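Subject: Structure handover

Hello,

Here is the structure for you to look over. My notes on what was found in it follow below.

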Amino acid sequence: MKQNSQEKKHIVILGGGFAGVAAALNLSQYLEIDDEYEIILVDRRDYQLYHAALYEAATTEHGYVEGKKLKRTLTIPLAEIFGKTKVKVFKGYVERIELNDGKVVTDSRIIYFDYLLIALGSVADFYGIESIARFGFTLKSLEDAIMVRNRIEDIITKKDSALIVIGGGGFAGVEFAAELRNLIKKECRHHGKRLDSFKILIIEGATTYLPGLPEKVSALVARRLGQMGVEARFSTLLTEAGKDFVLLNNKEKLECDLLIWTGGVRSCRLPVDTDLERDKKDRTNVTEFLNLKSFPNIFLAGDNGCFMDPKTKKPLPQTAQEAVNQGKHAAKNIFRTIKGKPLWPYHSASSRFVIPVTGKWAIFYTPNLVIPGFLGWLIRRLADLRYFLSILPWPTALNFCLF
Ligand SMILES: Cc1cc2nc3c(=O)[nH]c(=O)nc-3n(C[C@H](O)[C@H](O)[C@H](O)COP(=O)(O)OP(=O)(O)OC[C@H]3O[C@@H](n4cnc5c(N)ncnc54)[C@H](O)[C@@H]3O)c2cc1C
């Protein structure tokens with residue numbers, strides 16, 4: 001893919017997650033009849049991972065755990081998304097991004113770019129505690145979900161009692177704890193074990209679940225999890241982990257059979273050849289147009305970018321909704337750059353979340369409205385369907401949603 005002046009210009013998108021897919025689809029539409037530009041999307045995998053389904057996958061009921069089926073519920077093949085577009089998908093691991101030379105070095109080839117969008121996502125944040133990274137399980141990939149699922153089945157099959165510790169009572173910890181409780185219930189029934197001997201304990205540093213959201217929402221979650229028998233310790237930190245224990249900041253040592261770490265994420269460290277300004281979560285500072293100040297043809301979207309929200313004076317949250325919106329906006333600004341038009345500043349849409357707490361029960365939250373229960377769950381299913389319809393032909397999208 002060495003570039004010369006006669007060749008097409010290359011728009012390269014790194015990452016086929018929420019931001020990268022949205023950007024590539026939009027650019028493909030903008031440049032549909034323009035043969036001068038080639039759009040190349042690079043990802044180490046040949047699918048998009050649908051993160052929101054990871055908890056359910058990690059807690060699939062006994063007998064249902066079939067790798068192929070699990071993969072189908074969690075992953076969307078990039079070939080299905082881009083089959084009828086002008087986007088070329090290249091499976092490769094990005095090793096180095098040379099900003100000054102306009103090239104991306106992957107594990108198998110070098111790709112030159114004229115315009116670049118970086119959307120490589122995030123990794124688990126262990127806050128520098130090496131033992132938690134070593135002994136804790138995370139939920140960031142299909143392989144993680146399968147590993148956690150198998151470990152839980154193993155524990156219930158072999159033991160009569162166990163403690164499962166979840167580090168972090170944010171969105172991930174809460175959703176996972178609820179699904180896990182359900183799974184344990186079913187597995188205990190299946191193996192003839194006593195449910196009350198298998199405990200789930202959430203350790204959260206803040207004073208409530210879902211820090212940052214209003215107390216009304218945390219209280220709803222606390223009630224639902226409490227009814228299910230999930231226990232929690234607030235204002236408490238995990239400081240160390242071992243093969244069969246965790247240590248708390250009050251020096252208490254708890255014997256534990258499994259530690260799941262959902263305590264936070266940080267942007268992956270971008271393999272760039274230039275020192276770029278980053279925040280403490282490794283997110284790279286971007287301008288109001290989502291590009292780099294010193295490289296205006298290079299854009300960032302999703303979990304990699306640090307975009308200061310002018311209203312809250314805080315970086316925007318790392319969510320799928322933000323990633324999609326930023327991906328679309330970056331595509332628009334790349335197109336405007338190509339056409340020599342002024343760029344448009346990015347404005348984040350108001351925060352909306354759906355927090356599923358197992359079964360057909362979820363909390364839909366906006367700053368002005370909170371809907372808990374079945375209706376919240378229905379809104380979540382519709383949001384899932386809306387997303388699938390935005391990236392797949394409708395029969396495939398429907399099939400995916402009903403799977
Ligand atoms: C378990 C879990 C559940 C979540 N649930 C929700 C939810 O319910 N709602 C919500 O709004 N958000 C949720 N999130 C957050 C949301 O998924 C992220 O904010 C979103 O995925 C960010 O999008 P992105 O495009 O920046 O990164 P991603 O979607 O993670 O995409 C990054 C892509 O880059 C690729 N990549 C990374 N490094 C390389 C490399 N070196 N070479 C090649 N390819 C590479 C990856 O394979 C991946 O496809 C969840 C996250 C997790 C982990």
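I start with the ligand. Of the 29 residues around it, G15, G17, G121, G302 and A323 come nearest. Helices (H or I, at least four residues) and strands (E, at least two) are DSSP runs, numbered from the N terminus. By class, the shell has 14 nonpolar, ten polar and five charged residues. Ala, Val, Leu, Ile, Met, Phe, Trp, Tyr, Cys and Pro count as nonpolar; Asp, Glu, Lys and Arg count as charged; the others, Gly among them, count as polar.

Two notes on the model. It is predicted: local features need pLDDT of at least 70, side-chain atom pairs count only at pLDDT 80 or more, and totals for chains, interfaces and linings use all residues. Residues are numbered from 1 along each chain as its sequence is written.

Next, the domains. The chain is divided into domain 1 (9-44 + 92-124 + 266-351), domain 2 (130-263) and domain 3 (360-403). The bounds come from an automatic or database domain assignment. Domain 1 and domain 2 both give residues to the shell around the ligand, so the ligand lies between them. The C-alpha centres of domain 1 and domain 3 lie 26 Å apart.

Helix α8 (residues 215-228) deserves a look. Its 14 residues should span 20 Å at 1.5 Å a residue, and its end C-alpha atoms are 20 Å apart, which agrees. The expected span is 1.5 Å times one less than the number of residues. S218, L220, V221, R224 and L225 are the buried residues of α8. They cover an arc of only 160° around the axis, which puts them on the same side of α8. The arc is that of the directions from the helix axis to the C-beta atoms. An α-helix has 3.6 residues a turn, so residues three or four places apart point the same way. On the other side of α8, E215, K216, A219, R223, G226 and Q227 are exposed. Buried means 20 or more other C-beta atoms within 10 Å of a residue's own, exposed means 12 or fewer, and partly exposed is in between; C-beta atoms are placed from the backbone.

What covers the buried residues of α8? The cover includes α7 (171-191), β22 (353-356), β23 (362-366) and β24 (369-373). Just after α8, G229 takes a positive phi of about 95°.

V165 sits in strand β11 (residues 162-167). It counts as buried, with 24 C-beta neighbours inside 10 Å. Leaving out residues up to four places away in sequence, V165 touches L201, I203, V246, L254, C256 and L259. Contact means C-beta atoms, placed from the backbone, within 7 Å. V165 and L254 are 89 residues apart along the chain, and their C-alpha atoms are separated by 9.2 Å.

Y127 has about 50° and lies in the loop between β10 (122-124) and α5 (130-135). Y127 is partly exposed, with 13 other C-beta atoms within 10 Å. K313 has about 60° and is found in the loop between β21 (305-306) and α9. K313 counts as exposed, with 7 C-beta neighbours inside 10 Å.

Best wishes

How values were computed
Two residues are in contact if their C-beta atoms, placed from the backbone, lie within 7 Å. A residue is near a molecule or strand if its C-beta atom, placed from the backbone, lies within 6 Å of it.
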